[in-house]
Number of protein chains: 2
Amino acid sequence: MTTDTAPAPTTEATPLDRLKACLARIDADEGRIRAFTAIAREEALRAAEASSARWAAGAPLSPVDGMIVVAKDIVETHDMPTGEGSPIWTGRHTGRDAAAIMALRAAGAVILGKVTTTEFAATEPFHETTNPHDPARTPGGSSSGSGAAVAAGFAEVALGSQVVGSTLRPASYCGVVGYKPSVGGLNRCGTFDHFSQSCMGVFATTLAGAWATARAISSRAGGDPGHVGVTGPDTLPPAQAPARLGVLLPEGWDKVGPEARAAFQAALDALSAAGCTILTPDTDAALAAFTTSIAVALPLSKRINTREGAWPAADYATRHADQMSETIRDRALWAVPARQDSYAEDIAQRAAIRAEHERLMGDFDALITLAATGPAPVGLSWTGDPSMNVPASLLGAPALSLPLLQAEGLPLGLQLIGTRDADAGLFALAGWVETALRG
Amino acid sequence: MTTDTAPAPTTEATPLDRLKACLARIDADEGRIRAFTAIAREEALRAAEASSARWAAGAPLSPVDGMIVVAKDIVETHDMPTGEGSPIWTGRHTGRDAAAIMALRAAGAVILGKVTTTEFAATEPFHETTNPHDPARTPGGSSSGSGAAVAAGFAEVALGSQVVGSTLRPASYCGVVGYKPSVGGLNRCGTFDHFSQSCMGVFATTLAGAWATARAISSRAGGDPGHVGVTGPDTLPPAQAPARLGVLLPEGWDKVGPEARAAFQAALDALSAAGCTILTPDTDAALAAFTTSIAVALPLSKRINTREGAWPAADYATRHADQMSETIRDRALWAVPARQDSYAEDIAQRAAIRAEHERLMGDFDALITLAATGPAPVGLSWTGDPSMNVPASLLGAPALSLPLLQAEGLPLGLQLIGTRDADAGLFALAGWVETALRG
């Protein structure tokens, strides 16, 4: 195993130094950010001390040994409660670690705390987490605390999830790297996330950190049962120039403002100048046809998710309706007979669009678009527009939000969407894009 | 909806009468059988009263309105604890109903209690449940209480699960109908069962009861996320004669004793006399080739399950090793790097065998074999040999154990294995087989 490109050793600071820096930021700023639901301060200090000793002895357990990690509050931890962003479950201890947490602890990572999620990782904010770049703005969601904690310097990595836009949108709004793997790529066992197109997502300060974290999980705990999980080297694959990128303009692109459009176009121009061929729906017929097919991504995803969310919503509604948002209560209405036919049609349509995407990716190294329609909107009651994120979610394809753009002086993510189960290739390509745009 | 073939209305007794009969049997025999981990007596009486009123008014909610149901203790119930057959979790309340329980309650079923499972639905008995036909013998497992409760008249239907042989083997040993659906066929959300080839199973006194229960679940809660779930009529499909049945002689057939072989051969002769063509590996080359391919089912399934069972075993082992059997602790050893390659090979081999089975089923209406190597063995520390059950589990194909045979004066199940996602066809065929053999 080579560890020379691993995130931890690239800094002079020991894991214990880094944890103390995170704790100092938390003590200074958590009152404003409100990212945490629980902090395991003593346990984290002990883990960071042990990790520091391993590095000092030249015997780290993995490239992420000592990485300071927080987890979305749908991910179970044996030492902290898992509240799911719902008053029904606030404070509940499940007494076990999720597969990903188990794997990260085995790899030496420091599990510092649990961070906020919207109600059941859907659309309604339960906590009032703020964006580290502007406390009047949302950090995005549903992985609100994950994006905010990494952006605020409270942690180096955060686990989240994405079934529509819950990882890449907050990553874009908060100005950090966001990674949604291929569907099934990271083991979700022990998380309250059972949706068929949902994935565990990773937030990190660097591309290398996101990749090493994903591999620390998948090499130990694999993917979802029945899936091999993300494969590749344990540290960031070497940068690789793409030959052809396809510009994806998802349904909802009309909401993208002029500054964001200009930032995106400037990025495309720079990548073109660096030697990459950029094709658009205007210049490629297959890309144009795919753009039309994927335009249904949001309503199709919502129908699938609502059906799959009938449980547990319908069960909870029988005893806890007054503690549920209208959005979640509405899912209970789907728990009725005669919905199998429409669900069968919906998942067949999703499979057909995935097959079209697979064929398209014979012609392109990746698709490129924005990770959000613009910077984080003002207000904490809405986590923002998911239009740019839902295509990759529906496709089950790997996607990255890279914190390379700005609009209105705020972060805006550049999104790359790869080929399903070829996540390492997407990271290699992203490394080249980062260098091309940052110089 | 036609209800004239539904189980409930075929008896004169009301649901309340039927529940009281079950409770009387429990009061008389549970001390010997030890099938239950919890009984919700008052809740069940209330539900049965309400159901009786609906039938009296001519307005049942479904064909299973009033069905007396118990559930394996890996299936969550909001009103009873879910112990998973482990001292670690005994008495734990999760506060919610599994998707299948939610669906059955919505269909009017009476959820009477929770019944025993081996430790984490694997191989080690935790409770000392006995076989209703002979208290010195195992009821089979891992769904030990499910098979025993239905055989003892404690309930009309029981939910179980099967990843290797945990539904069909206890059904065979206990002399009741056992049904393992196509993989993904019944929604497992809210059960402690995350294995990729595992299914929720159904035990019932009748074929009609097993089918109506499965459809009450799948029509409301669907299948596992991403799967449509079992489809077909809400009540038992009309019997349909098969043209061709293929005799499957799984690896381990050499353990089948002379009485069991004779009973099986007599059944084949009777089906042949009734007009069905019976082919064997000696008379059909494709069947012979498939028999060779499927011979690896048990070691291949064990490798897949051990890998997928690394979580939560490895997590529990860090804090509860002294409360875990050696079998489960061994799974923790798999939570190490470099296992992804072998898992990838294993699930690819499984997929190849499934594809061969699908091609084979172009030639056969179903495969036929025994549901166990013989009657229930003596002793409570071993739940019996799964050799006859693991082929259908590996295939993800629907399978039924029909209580039509005997050996040593004890029950022995005749097993039918159908085509994946064609469960209704298997039940139609099974209806014909029942009539042909019972006369």
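Guide: In what follows, a helix is a DSSP run of H or I with at least four residues, a strand is a run of E with at least two, and both are numbered from the N terminus. The model is predicted. On that basis, the secondary structure of chain A consists of 14 helices and eleven strands. The radius of gyration of chain A is 20 Å, close to the 22 Å that the globule rule gives for 439 residues, so chain A is as compact as a globular protein of that length. Along the principal axes, the C-alpha atoms of chain A occupy a box of roughly 55 × 55 × 45 Å.

The interior may be approached through burial. Of the 439 residues in chain A, 63% are buried. When contacts in chain A between residues at least 6 apart in sequence are considered, 78% of them join residues at least 24 apart. The accessible surface of chain A amounts to about 14,400 Å², and carbon and sulfur atoms account for 53% of that area. As for charge, chain A has 34 positive and 46 negative charges, whose mean positions are 3 Å apart.

The largest nonpolar core has 68 residues, and the members that touch the most other members are Leu104(A), Leu159(A), Ile368(A), Leu400(A) and Val433(A). One of these, Val433(A), is in contact with Leu271(A), Leu402(A), Leu404(A), Leu414(A) and Leu416(A), leaving aside neighbours within four places in sequence. A second, separate core comprises 67 residues, among them Ile74(B), Phe264(B), Ile368(B) and Leu426(B).

Leu370(A) counts as buried because its relative accessibility is 0%, and buried means under 20%. Beyond residues up to four places away in sequence, Leu370(A) touches Trp253(A), Val256(A), Ala260(A), Phe264(A), Met388(A), Leu405(A), Leu412(A), Gly413(A) and Gln415(A).

Thr94(B) is placed between strand S2 (68-72) and helix H3 (99-106) of chain B, and Thr94(B) is buried, with a relative accessible area of 11%. Its contacts involve both chains: residues up to four places away in sequence aside, Thr94(B) touches Trp89(A) and Arg92(A) as well as Glu76(B) and Phe192(B).

The backbone details come last. Most residues other than glycine have a negative phi, and most peptide bonds are trans. The bond from Trp311(A) to Pro312(A), however, is cis, with omega near 0 degrees; Pro312(A) is part of helix H10 (residues 310-320). Gly141(B) and Ser142(B) are likewise joined by a cis peptide bond, with omega about 5 degrees, and Ser142(B) is in the loop between strand S3 (110-115) and helix H4 (144-151) of chain B.

Phe120(B) also lies in the loop between S3 and H4 of chain B. Although not a glycine, Phe120(B) has a positive phi of about 50 degrees, and its relative accessibility of 11% makes it buried. Asp421(B), also not a glycine, has a positive phi near 65 degrees. Asp421(B) is in the loop between strand S11 (410-417) and helix H14 (423-438) of chain B and is exposed, with a relative accessible area of 58%.

Key: Residues are numbered from 1 along each chain as its sequence is written. Chains are lettered from A and ligands numbered from 1 in the order in which they are written. This is a predicted model: local features need pLDDT of at least 70, side-chain atom pairs count only at pLDDT 80 or more; totals for chains, interfaces and linings use all residues. Side-chain values use heavy atoms; hydrogens and water are left out. The radius of gyration is taken over C-alpha atoms; the globule rule is 2.2 Å times the number of residues to the power 0.38. Buried means under 20% relative accessible area, exposed over 50%, partly exposed in between (1.4 Å probe, protein chains only). Contact means heavy atoms within 4.5 Å. Accessible areas come from the Shrake-Rupley method with a 1.4 Å probe; for residues, only the protein chains shown count as cover. Lys and Arg count as positive and Asp and Glu as negative; His and the chain ends are not counted. The place of a charge is taken as NZ of Lys, CZ of Arg, CG of Asp or CD of Glu. A nonpolar core is a set of buried Ala, Val, Leu, Ile, Met, Phe, Trp, Tyr and Cys residues joined through side-chain atoms within 4.5 Å.
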